[in-house]
Amino acid sequence: MEAPLTHASPPGRAAVLAGLGTYVPPRVVTNEDLSLTMDTSDEWIRTRTGITQRHWADPGTATGDLAVAAGERALKSAGSDAVDLVVLATTTPDHPCPATAPEVASRLGLQNVAAYDIAAVCSGFVYGLASAAGAIAAGIAERVLVIGAETYSTILNPDDRTTSVIFGDGAGAVVLRAGDATEPGALLGHDLGSDGSLKDLIIVPGGGSRQRSAAAAPGAPEPDPADAYFSMQGKPVFRHAVTRMAASSQAMLDRAGWPAESVDWFVGHQANVRILHAVADQLGMPRDRTVVNLDRVGNTSAASIPLALSDAVAAGRITPGDRVLMSAFGGGVTWGSTALVWPDIDAN
Ligand code: COA
């Protein structure tokens with residue numbers, strides 16, 4: 001007789017949303033504030049992106065600090081601090097080594113749980129959800145804390161107006177628990193993808209093994225200090241973001257068996273309101289079904305989808321029973337989508 005598989009997932013077992021919590025640092029930086037230090041204007045930023053302000057962490061505050069604050073709220077929202085895995089999606093870890101997740105878990109009192117970081121830039125949260133759902137489906141975990149947290153203010157080049165005006169800091173977290181695929185809150189599948197041939201579109205060129213190794217070669221030129229900062233080719237990123245998020249969203253809708261017109265809320269990665277509207281147009285969804293909070297928080301990368309969810313729940317827009325589609329695009333390049341029927345939870 002064959003031995004049973006250790007991690008066989010019982011039929012119908014799914015990851016179910018049990019809690020949601022978010023945190024943004026208190027310091028608000030308006031478009032007007034930025035126009036005092038760089039050649040930009042409130043009018044340009046608002047009309048090209050939809051952003052009017054963002055939150056930036058004060059010096060001394062790191063991604064892990066925001067992650068702990070959001071994580072605490074998500075655990076409270078779930079009504080239990082029992083989790084056996086912490087997945088932290090971030091582009092701005094506290095250190096290049098080790099991962100930020102173990103320290104965040106420890107500070108949350110989750111001693112000895114499995115904990116790791118995910119690096120998928122602005123797609124990090126949907127990659128994190130898929131990773132956590134996989135662990136639950138495989139029977140590796142019963143309850144998972146998934147956090148998206150960023151302090152982009154630490155990697156923005158103050159001399160680069162094309163990136164500095166776009167990004168904000170913040171964190172959002174959810175608790176996923178093992179449950180049944182037919183319950184409200186069950187993640188109904190995942191569509192994930194990447195195209196690494198486009199890696200230069202969104203990049204921090206320095207600080208990794210490629211530049212360090214090149215710099216160690218005899219006669220190598222000094223690295224450019226600007227290489228320590230985030231850089232982005234806005235126009236092609238815009239184009240790819242629309243195409244990939246629309247295709248990935250459609251793939252997810254097909255998987256869920258949902259016609260586009262049946263979706264109550266499209267919660268896309270909050271990069272640019274024009275991107276969100278273009279994706280809605282391609283899907284054949286009314287634009288007013290698009291959740292938008294980037295006007296107040298900017299692009300918070302891996303934190304953007306949970307921050308948008310929380311904002312829409314707090315505003316009474318997303319309510320229990322609503323069909324919610326989430327989709328993201330980010331550096332790598334990467335993209336991904338998932339969907340769920342909104343459950344009756346207390347979001348914080
Ligand atoms: N303030 C004022 N002018 C600015 C500016 C700023 N902050 N940033 C750029 N400009 C200028 C440019 O220099 C350019 O001037 P020029 O015509 O004299 O050369 C002009 O505005 C247009 O720049 P362009 O880059 O063509 O603008 P755009 O319409 O493509 O908008 C982005 C730029 C970045 C807002 C847009 O491309 C975008 O949103 N891309 C996707 C970014 C994103 O969401 N990334 C994350 C996805 S994961």
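User: How many residue pairs are in polar contact between domain 1 and domain 2?
Analyst: The count is 17 residue pairs, both residues at pLDDT 80 or more. Keep in mind that this is a predicted model.

User: And how many salt bridges across that interface?
Analyst: Zero, by the rule used for the interface of domain 1 and domain 2.

User: Which elements of domain 1 touch domain 2?
Analyst: Those giving two or more residues to that side are β1 (13-23), α2 (42-49), β3 (53-55), α5 (124-137), β6 (143-150), α6 (161-164) and β7 (170-180). The largest share, seven residues, comes from α5.

User: How much area do domain 1 and domain 2 bury between them?
Analyst: About 3,000 Å², with 65% of it on carbon and sulfur atoms. In domain 1, the residues losing the most area to domain 2 are Cys122, Val126 and Tyr127, which together make up 18% of what that side buries. As for contacts, 44 residues of domain 1 meet 36 residues of domain 2.

User: Different topic. Do β4 and β5 pair in the parallel or antiparallel sense?
Analyst: Parallel, over five bridges, with β4 at residues 85-89 and β5 at residues 114-118.

User: Which residue in β5 is the bridge partner of alanine 89?
Analyst: Isoleucine 118.

Methods. Residues are numbered from 1 along each chain as its sequence is written. This is a predicted model: local features need pLDDT of at least 70, side-chain atom pairs count only at pLDDT 80 or more; totals for chains, interfaces and linings use all residues. Side-chain values use heavy atoms; hydrogens and water are left out. Two strands pair if DSSP finds at least two bridges between them. Helices (H or I, at least four residues) and strands (E, at least two) are DSSP runs, numbered from the N terminus. Contact means heavy atoms within 4.5 Å. Buried area is the accessible area (1.4 Å probe) that two parts lose on being put together, summed over both. A salt bridge is a side-chain nitrogen of Lys or Arg within 4 Å of a carboxyl oxygen of Asp or Glu. A polar contact is a pair of N or O atoms within 3.5 Å; within protein, one must be able to donate a hydrogen and the other to accept it, and residues adjacent in sequence count only if both atoms are side-chain atoms.
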